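Dear colleague,

I am handing over the structure we spoke about, with the sequence alongside, and would be glad if you could look at it with the notes below at hand.

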Amino acid sequence: MKEKKKSDLSILLGYTGSYKGLTFLGLGLSAIAMILGMLPYICIWLVARDLITVAPNWTEASGIAGYGWLAFGFAVAGIVVYFAALMCTHLAAFRTASNIRKAGMEHLMKTPLGFFDSNASGLLRNRLDGAASETETLLAHNLADIVGTVAMFITMLVLMFVFDWRMGAACLLAAVISVAAMAAMMTGKNAGLMAEYQAAQDVMSKAGTEYVRGIPVVKVFQQTVYSFRAFKQAIEDYSAKAEHYQADVCRIPQAINLTFTEGAFIFLVPVALLLAPEALASGNFAGFVADFAFYAVFSAIISTALAKIMFAASGMMLASTAMGRINEVMSAPVLQVTDHPQVPKDNSVEFKDVSFTYEGADFPALDHVSFKVEPGQTAALVGPSGGGKTTAASLIPRFWDVSSGSVEVGGVDVRDTDPHMLMDHIAFVFQNNRLFKASILENVRSARPEATREEVKAALSAAQCDDILDKLPDGMDTVIGTEGTYLSGGEQQRVALARAILKNAPIVVLDEATAFADPENEALIQKAFAALTKDRSVIMIAHRLSTVTGADKIIVLDNGKVSEEGTHEQLLQKNGLYAGMWAEYNQSVKWRITQGEKAGPGSAEKEVR
């Protein structure tokens, strides 16, 4: 039997946890408060009825003062009960939003690390944190108003048909037109517009984050803001959708809605004029006038009730869209963990007929790739850009899982190991390592929190960071990013290498670790590599072929396939893709820019190193 899909509201209430009872208590109190809020109108009608009955002898209406005090008491009681209802719903709403954020973060902690490469932090933050905030309004206000308004309408329906069903139907005609107008705005083909509007907001949030991060590039290269076409296009798209929804979709229905809800009285007057002769003929004109007064008073409540329904319905739409964005986060793929984890036997790394395709891609990033790195060997992954080098390296620590085949560490499929054990088994250094806004000590110690200061200092020294510590005011305790303390790209890379050295993992993955280093820092980084890679299995990705000539094995990847494999000398003798890359590399390092008057316009001069 097919499982029935849960509604967004039931899913949302599932996040309330122990506060679900408080939520329902708040909704019940809101209904009571709405009914109490209607009772003063009845008291007003009772006053009008007594005055009409004794007219023109007004002094005979002795119960007017009592009705006034009753109206005052009901009004105060309604306010107090409604305040209590909002207290309950607000407490539940805040806890629910907190539970959503916690559940989302807990789920994201279980996703493969590669998920964060294809999902920008600004997008995830807007989907999770922003959407959770939008659910607060639904639970704290909208849901209580909906329940209260439903209770009010049920009470009104009963009261409207108690005295004269014809005048009651006339008053409710305005409500019918209003509901139809609101339905035109929020149902049918317009139901998906709010989702499109929120999706455009997500795109704008993502583009905005990337824009802010790219400001340094704009300043360095003197570009204009028009270089950020994606952000400009995202803003224009969001603006167009918002304007379309407000101007084209909502304008006419909303005008009809407000016209008839605020002017519900116009339906009552013609009906009353038609019924007046009948009342005169029956000799009950005073009762007729009293009934008319009742419906005139209650017609004023209709606009208030319908306004609450409209805003509550809008809140429901926003919350439904928000829940959709939350569900996108909660449906992110989870890294599967085996129930019976195995322990790697050694430090070997082997790819067995591995294929991998990114989600949404038309072609595989890796196509039946096989190679093995023996314990203690250094293997280099080289090849043209887009050949699959970084993808292959990311499959070892399970940033992604293979589409087919297997990646084995120590003879064990990485999917059959405990993820924490696997991460302890592998240290990786990327070309764009980021440091936390914390002390250098804490940045390095994040690899092994129980490490002592002496161990951290030894790792920093092995990573050639002594000169960095000497120039910092507080040495290892200097907080990066405060009081003008910043590190260059090469210096950051050396600190990241210290972190990897401290981890002391038997397998090391290096992804173009010298890409952004100047010659001086590169020389120091190469020395740090010697300490990091000693007696370890190393898989390194490099575009500077000079850094891999001493590797035990070079694997050439081209279009996701292994093109060649061997040592530097063996691959040169094959005279294949690697030999061509090596020739191009040597040719490139022999060129330097010279002055035009010496070498001729637009020319360059060879320099043999």
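This is a predicted model: local features need pLDDT of at least 70, side-chain atom pairs count only at pLDDT 80 or more; totals for chains, interfaces and linings use all residues.

The protein chain holds 21 helices and 12 strands, and of its 609 residues 44% count as buried.

Two helix pairs were examined. In one of them, helix α2 (residues 20-54) and helix α3 (residues 64-108) have axes that come within 7 Å and cross at roughly 165°; since an angle over 145 degrees counts as roughly antiparallel, α2 and α3 are therefore described in that way, as roughly antiparallel to each other. Their crossing is left-handed, and the contact of α2 with α3 is made up, by class, of 27 nonpolar, 5 polar and 2 charged residues.

In the other pair, the axes of helix α15 (residues 453-462) and helix α17 (residues 489-503) come within 8 Å and cross at roughly 125°, and α15 and α17 are therefore oblique to each other. The crossing in which α15 passes α17 is right-handed. On the α15 side the residues that take part are Glu455, Val456, Ala459, Leu460 and Ala462, and these meet Ala498, Ile501 and Leu502 in α17. Sorted by class, this contact of α15 with α17 has 7 nonpolar residues, no polar ones and 1 charged residue.

Turning to the aromatic rings, a search of the whole structure finds 7 aromatic pairs. Tyrosine 358 belongs to the loop between β1 (349-356) and β2 (366-373), whereas tryptophan 400 belongs to the loop between α12 (389-395) and β4 (404-409), so the pair ties together parts that are 42 residues apart in sequence. As to accessibility, tyrosine 358 counts as partly exposed, because its relative accessibility is 33%, while tryptophan 400, with a relative accessible area of 17%, is buried. Ring pairs also bring in Phe356, which is linked with Tyr358 and Trp400 into a cluster.

The loop between α12 and β4 also contains valine 402, which is buried, with a relative accessible area of 13%. Not counting residues up to four places away in sequence, valine 402 touches Val354, Ser355, Phe356, Leu395, Val407 and Arg415. With valine 354 there is a separation of 48 residues in sequence, while the C-alpha atoms of valine 402 and valine 354 are 6.6 Å apart in space.

Threonine 390, in helix α12, is partly exposed, its relative accessible area being 43%. Leaving out residues up to four places away in sequence, threonine 390 touches Asp511 and Ile541. From threonine 390 to phenylalanine 430 the distance is 9.7 Å, C-alpha to C-alpha, and the two are 40 residues apart in sequence.

In helix α6 (residues 165-186) one finds alanine 181, which counts as buried at 7% relative accessibility. If its neighbours within four places in sequence are set aside, alanine 181 is in contact with Pro253, Ile256 and Asn257. Alanine 181 and cysteine 250 are 69 residues apart in sequence, and their C-alpha atoms lie 9.1 Å apart in space.

Last come two points on the backbone, to be read against the general rule that most residues other than glycine have a negative phi. Aspartate 353, although it is not a glycine, has a positive phi of about 50°; aspartate 353 is placed in strand β1 and counts as partly exposed, at 38% relative accessibility. Histidine 368, likewise not a glycine, has a positive phi of about 55°, and histidine 368 lies in strand β2.

Methods:
Residues are numbered from 1 along each chain as its sequence is written. Side-chain values use heavy atoms; hydrogens and water are left out. Axes are lines fitted to C-alpha atoms, for helices over the stretch in contact, and angles run from 0 to 180 degrees between N-to-C directions. Helices (H or I, at least four residues) and strands (E, at least two) are DSSP runs, numbered from the N terminus. Angles under 35 degrees count as roughly parallel, over 145 as roughly antiparallel, 65 to 115 as roughly perpendicular and the rest as oblique. A crossing is left-handed if the near helix is turned anticlockwise from the far one by less than a right angle, and right-handed if clockwise. Contact means heavy atoms within 4.5 Å. Ala, Val, Leu, Ile, Met, Phe, Trp, Tyr, Cys and Pro count as nonpolar, Asp, Glu, Lys and Arg as charged, and the others, Gly among them, as polar. Rings of Phe, Tyr and Trp (its six-membered ring) pair if their centres lie within 6.5 Å; planes under 30 degrees apart count as stacked, over 60 as edge-to-face and the rest as tilted. Buried means under 20% relative accessible area, exposed over 50%, partly exposed in between (1.4 Å probe, protein chains only).
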